[in-house]
Amino acid sequence: METNCEKDLFKFLPFSSCINPSFWFELNRVKLDDYRLDDDFKNLKGFYSNCSSNDLPPIMNFDYSSFQETNDKTKNGHISTIIINGKIKIFNTINEFNVLDKNKLLDEFGNAIWNDIKTGRALDDPNLLIRFCLIVFANLKSYTFHYWFAFPAITFPLKSYYQLKTNKFTEIFTSEQSNKIIENMTNFQLKNEHHQSFFAIEFETLNVLTVKEAIDRHNLGKRILFGFYDPNSQSNHPGWPLRNYLALLALKCKKTDEEKRNLEVISFRDRYHGGARTLDHSLVILVEVFNISEDEEKVNTIGWERNEKSQLHPRVVNMSGSMNTEKLAESAVSLNLKLMKWRIAPDINLDIIKNQKCLLLGSDNSKVSYSNPVRQSLFVFQDSISGESKDNHKSIKAAENLKLIYPGVNAKGVVLSIPMPGHYVGDNLRSKVKDDVKQLEQLIKEHDVIFLLMDTRESRWLPTVIAAAEKKLVINSALGFDSYLVMRHGVKTGDPDKDELPKNFQPNQQIPSNHLGCYFCNDIVAPGNSTVDRTLDQQCTVSRPGLSMVASALAVELFANVMQHPLRLQVPSFSSNESISGCEESCLGIVPHQIRGYLHSFSNILPASQAFDKCTACSNEIIQMYKKDGFDFLLKVFNDPTYLEDITGLKELKTALDQTETDFVTELSDSEEFENF
Amino acid sequence: MSQSTIPRSVFNQNIIEIYEKSIKLGDTWQLIKVNEDVYYLEKKDQKFINNEILTLIFHIIYSESYNVPVLYLNMFKSNGSIAKYNDIYSFFNLNNLKNEERDSDLILTQQEHPILFKPFYYMHPCKTSQWMSATKIGENDNFNFTLKWLSFVFSALRIPLDIKYAL
């Protein structure tokens, strides 16, 4: 590189701050646990290296260890890392952060540096020449941090430093000399507890000296090159530390009669080539330095870091994606699903289940009882010992406990009584029951899938009717002692021609969804009050504890299979176990109508049944009457379930059956010729 | 196919050896001691891309469940915000992988760091012993398992590793 005869105004490359996420985590902890409301300046450490690559700007790094008072002994650091001591002030309000007089603050730091230079403290510990100031406002709820770094450097008005000549290190020193210097430097640094950023080289002996020693020798006439660890490797311009260094040298080096004198400065840059440490990237700069005295009138300070848009404004970072634990849970769950999609089921539609609104009807309108937690995994012991208030109702607790498992769930518990056929509604209760019905109708309308999880047969009636009228998907789960039924109700299309049931049902046929049966289709008796005249064990279903887990799990997965099928609610079922391979599958598998399982044999079967045209819940007659007469119709049913048998024609059917029976018996008694049958 | 795994003691020896070589070569690996038994290697790399300072951190940690080394990495901007999936994937050119390749070990997924308990990205170690045994060269028992593993992993991510480590 050619020597430059013209003098250039020095361009000092400022530091760029670089924050490790662990810094923010530690700041969060330190503010909450240690500092709390104390917003005084606290100690902080920064780190820079003189061994960075060519294309990087000069960087000062900050991580969790910045907050540690003593050096991190667990890390064996690289020898070219310099530790810088600075200050951090964490404000308690954004307002205080904003109204702080930034210029005044910077001047305070500048004056402190100038004082250290004047008093000689900086000579004893030159690392004091590099310091920084960080102001922060941390919003610990939203995990956003407003921050601003300053790297204070003093400037003297109307006086500047000029870069007279810049040489490569190799032009001044031979490789032998360079190696000697490296050796001396290693020994020099070993004598200090902390790596020294500032030093000097005595040209004659190639000894590495402290700055204090060097200035003495310089003042005695020896040729001294003043060096510093340069954070900048990018260009022929030195990094920020040289600014304050030159101020120190300008004051403490022997003055001449002239206003200015020249000093030699080494911009010390480490590099490793093929395992060997070289100083080839270092520069030797001839600097023109003016005289300054201790009584300089005004010491200007510069050094606030510019933001990403090169403006003199603070920076803001939103760390909620990494620090907000709820968001972390959400992204972990989402990742799990994505992995399922990438690795196993590429055709799966992840969004469709996410967007479903599910209504879970169950929990018998009571508070959590002591026997529940061991069988019902959503409840814990604490839930059963709180008082009788509405907050302890199972549905409320269930929604709360879901949030404990996954905070991102959108769950709400509703306390509601579901009116049932055969459970008489007296006049005084009429308006309350009407409201309950209205609330249930509204809930069903608002949701996409209804899960029926009650423990009585008749309580499933009303939701079945409403859901059938609204054409919603219903997944029904019922438990016996050691057997369970999980099924999906058929969903009508609304088109009466399509919905009309075929007369010639064949057992092996596939049944389209709008012809599939509901929970009540297989019964010829209307649901009535099953709790009357029952003993305690008959009133509540006593089930094997594991049963509810199995049935619920199957109910959810059946729902998943329905949703993944391209036809969704309209997916048909098949009719017998053998034809599984022939039927249409979703990417998650078959979509049966019913799953009936038996714990005593650990088996299950997958029957499918057509709807019953005289069904007391989903038949055309019932749905039409419900749509026409609304609550009045329902009231009649609640007060007398046999009314259902009347309208559906079940009554007639049963009467016809009874008559057939009578004839049958008569025939037998009159004739002995059995072969007539 | 035989499984290649190493006990923690061998892993610790391996990384101490790598660390010592790193010092000699002027590389920047750091050896971090968590306690008497647990050590890991850390390397930091900074790049200036699109006017942004990007910092990459690599950790070589021992996986107790799979008995192999596992790579944890993180990438963040100068303000401390951690890179998102898309950024990581495009940085390492993983977006262009075909489906079969996707299936392999090269997937980087987000995971809580086992020692620092912070969100990091890692390369799942489930297939490591499988492909390590498939690449066994000779019966030399003295080879540094972790170094060999590292050379494969880094070359897959196109991160340079000085060839002199092998000497």
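## Chain B: overall make-up

Chain B contains five helices and six strands. This is a predicted model. Along the sequence of chain B, the elements come in the order α-β-β-β-β-α-α-β-β-α-α.

Chain B has 167 residues, and 50% of them count as buried. Contacts in chain B can also be sorted by distance along the sequence. Taking the contacts between residues at least 6 apart in sequence, 50% join residues at least 24 apart.

## Chain B: helix 1 against helix 5

How do helix 1 and helix 5 of chain B cross? Helix 1 covers residues 8–25 and helix 5 covers residues 145–156; their axes come within 7 Å and cross at roughly 65°. Angles of 65 to 115 degrees count as roughly perpendicular, so helix 1 of chain B and helix 5 of chain B are described as roughly perpendicular to each other.

On the side of helix 1 of chain B, the contact is made by B:Phe11, B:Asn14, B:Ile15 and B:Ile18. Helix 5 of chain B contributes B:Phe145, B:Thr146 and B:Leu147. Sorted by class, the residues of this contact between helix 1 and helix 5 of chain B are five nonpolar, two polar and no charged.

## Chain A: domains

The domain assignment divides chain A into domain 1 (8–157 + 310–320), domain 2 (161–296) and domain 3 (416–658). The centres of domain 2 and domain 3 of chain A, taken over C-alpha atoms, are separated by 88 Å.

## Chain A: a buried alanine

A:Ala150 is part of strand 7 of chain A, which runs over residues 144–155. Is A:Ala150 buried or exposed? Its relative accessible area is 0%, so A:Ala150 is buried.

Apart from neighbours within four places in sequence, A:Ala150 is in contact with A:Leu106, A:Arg131, A:Phe132, A:Cys133, A:Gly303, A:Trp304 and A:Glu305. A:Thr325 is 175 residues from A:Ala150 along the chain, and the C-alpha atoms of the two are separated by 32 Å.

## Chain A: a buried serine

A:Ser395 belongs to helix 14 of chain A, residues 394–405. A:Ser395 counts as buried because its relative accessibility is 17%, and the cut-off for buried is under 20%.

Which residues does A:Ser395 touch, not counting those up to four places away in sequence? They are A:Ser363, A:Gly413, A:Val414 and A:Val415.

## Chain A: helices 16, 20 and 21

Helix 21 of chain A (residues 631–639) has these buried residues: A:Phe631, A:Phe633, A:Leu634, A:Leu635, A:Val637 and A:Phe638. Among the elements of chain A that cover them are helix 15 (427–446), helix 16 (461–470), helix 20 (620–629) and helix 22 (642–648).

Helix 16 of chain A brings A:Trp461, A:Val465, A:Ile466, A:Ala468 and A:Ala469 to the contact, and helix 20 of chain A brings A:Ile622, A:Ile623, A:Tyr626 and A:Lys627. The contact of helix 16 with helix 20 of chain A has eight nonpolar, no polar and one charged residues.

Definitions and conventions:
Residues are numbered from 1 along each chain as its sequence is written. Chains are lettered from A and ligands numbered from 1 in the order in which they are written. This is a predicted model: local features need pLDDT of at least 70, side-chain atom pairs count only at pLDDT 80 or more; totals for chains, interfaces and linings use all residues. Side-chain values use heavy atoms; hydrogens and water are left out. Helices (H or I, at least four residues) and strands (E, at least two) are DSSP runs, numbered from the N terminus. Buried means under 20% relative accessible area, exposed over 50%, partly exposed in between (1.4 Å probe, protein chains only). Contact means heavy atoms within 4.5 Å. Axes are lines fitted to C-alpha atoms, for helices over the stretch in contact, and angles run from 0 to 180 degrees between N-to-C directions. Angles under 35 degrees count as roughly parallel, over 145 as roughly antiparallel, 65 to 115 as roughly perpendicular and the rest as oblique. Ala, Val, Leu, Ile, Met, Phe, Trp, Tyr, Cys and Pro count as nonpolar, Asp, Glu, Lys and Arg as charged, and the others, Gly among them, as polar. Domain bounds come from an automatic or database domain assignment.
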